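Here's a quick tour for anyone meeting this chain for the first time. Have a look at the sequence and the structure, then read on.

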Amino acid sequence: MRKLTPRLLIGTSLLSLCLATPAVGETLPEAISAAFSTNPQLEIERYSTEIARQNLQAARGAGRPTADLSATGGYQYVDTNSPFAFNLGDQPIATAQLQIIQPLYTGGKIAAGIRQAEAGINSADLGFQAARQDLTLQVITSYMDVVRDREAVSIRQNNVDVTGEQVRAAQDRFDVGVVTRTDVAQAQARLEGARASLAGAEATLQASEANYQFLTGMRPGDLAPPPPIPPLPANIDDAIASAIKDNPTIASARADLRAAEAGVDSAKADGRPQVSIVGAAGIQETYGQDSTVSNSSVSAIAQARIPLLTGGVVKAQTEGAKLRREQARRFVDSLETQVRAQVTQAWFSYEASVRAIEASRRQVEAAEIAYEGAQEELAVGVRSTLDALDQEQQLFEARLALVAAERDAYVAAHNLLRATGALGTIG
């Protein structure tokens, strides 16, 4: 059983990641809120929840009385050889009928439909929750990408500036005959490499900012330091157990499985007897030359329908519903396997990132001392220009590694929270 140390439970400080970030600015909760208000995928999920609720109303309505009113009007022609017939020939006629049907027994179809609709609502609500958590994770990742890449650009720009000073210093030493042209060329080559790296970092930053704008609908301004990492599970076993229980994607799939099980009962009900009460009231009026004849009727009957031969339709529908139920069951099993893998990956990624932060900080401290020493030794001729450039490069790479490790730790922690279904409000 793996456990997080107390330091890991608290989370990383992200101090170096936010050195260049102002104390006040656009916050991560604000970015998430903006994404919630503009993201089209959430709107789609909201419609899904409303559709599911309407499906429940329709399922309940199937067990309620229905009423139909019908009316006709026209002419009829009557001809007979009876010696006592009157009012023959063309006659206007009008009829009206009201029919009310109340289902009494549907073989369990209505109850199954209601269970299916209720499971559909549960699935839609959980799907909306999963979509919110997915979007939250995307915004967190994009936010941290922008913070990391801005810091990387700053470090790369500083590298260009420092290396430019090295070139000028090497040229000055060459002019007075202290170093050779090779030293100047080495410094110049490092400068061009630093410029190329800066261009690459700027392109990466532009891509990160574009993704941030896509998710939130706004260009990133001055980004404030992110909130602390919420509490994480005590150990990986607890994390996996929480994920299996609370992950909204899995819970939504389980609701779909319940809906599929109700669908089997609904399909079977089509082959069972159906009993209803039918009430009818009607009136018919025939208009003659001298009088109007009215006929009215009222009836209440029990109507039963017993399927005897359906051409295999009910059987095929039932078998199809069973297959969909098995498919839903296998999908739940597949999701549980995937989520276990996601939790495990996020857990060890977070641990590795935290260890990388600690190592990178020590590396930065050592590289700063080595760089300062190399500069002093270069000044007295003990070190070559290439030695000083190598130490400078190691320092900048260590700083970049620290920035990347702190971003990775923050994102990995929230990946873990998403996998366990605990990625709620940030801030």
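Of the contacts (heavy atoms within 4.5 Å) with a separation of 6 or more, 84% join residues 24 or more positions apart. Keep in mind that this is a predicted model, where local features need pLDDT of at least 70, side-chain atom pairs count only at pLDDT 80 or more, and totals for chains, interfaces and linings use all residues. Numbering starts from 1 along each chain as its sequence is written, and side-chain values use heavy atoms, with hydrogens and water left out.

The chain has 9 helices and 4 strands, which are DSSP runs (helices H or I, at least four residues; strands E, at least two) numbered from the N terminus. Of its 427 residues, 40% are buried, meaning under 20% relative accessible area.

Now for the inside. A nonpolar core is a set of buried Ala, Val, Leu, Ile, Met, Phe, Trp, Tyr and Cys residues joined through side-chain atoms within 4.5 Å. The largest one has 61 residues, and Val139, Tyr143 and Tyr350 touch the most other members. Helix α4 gives the largest share of this core, 14 residues. Here are some of the elements that give two or more residues to it:

| Element | Residues |
|---|---|
| α2 | 28-38 |
| α4 | 109-175 |
| α5 | 181-216 |
| α8 | 313-379 |

Beyond its neighbours within four places in sequence, Tyr143 is in contact with residues including Leu28, Tyr212 and Leu223. Another core, of 6 residues, lies apart, with Leu56 and Ile121 among them.

And Leu69? This residue sits in strand β1 (residues 66-78) and counts as exposed because its relative accessibility is 69%, where exposed means over 50%.

Conventions:
Buried means under 20% relative accessible area, exposed over 50%, partly exposed in between (1.4 Å probe, protein chains only).
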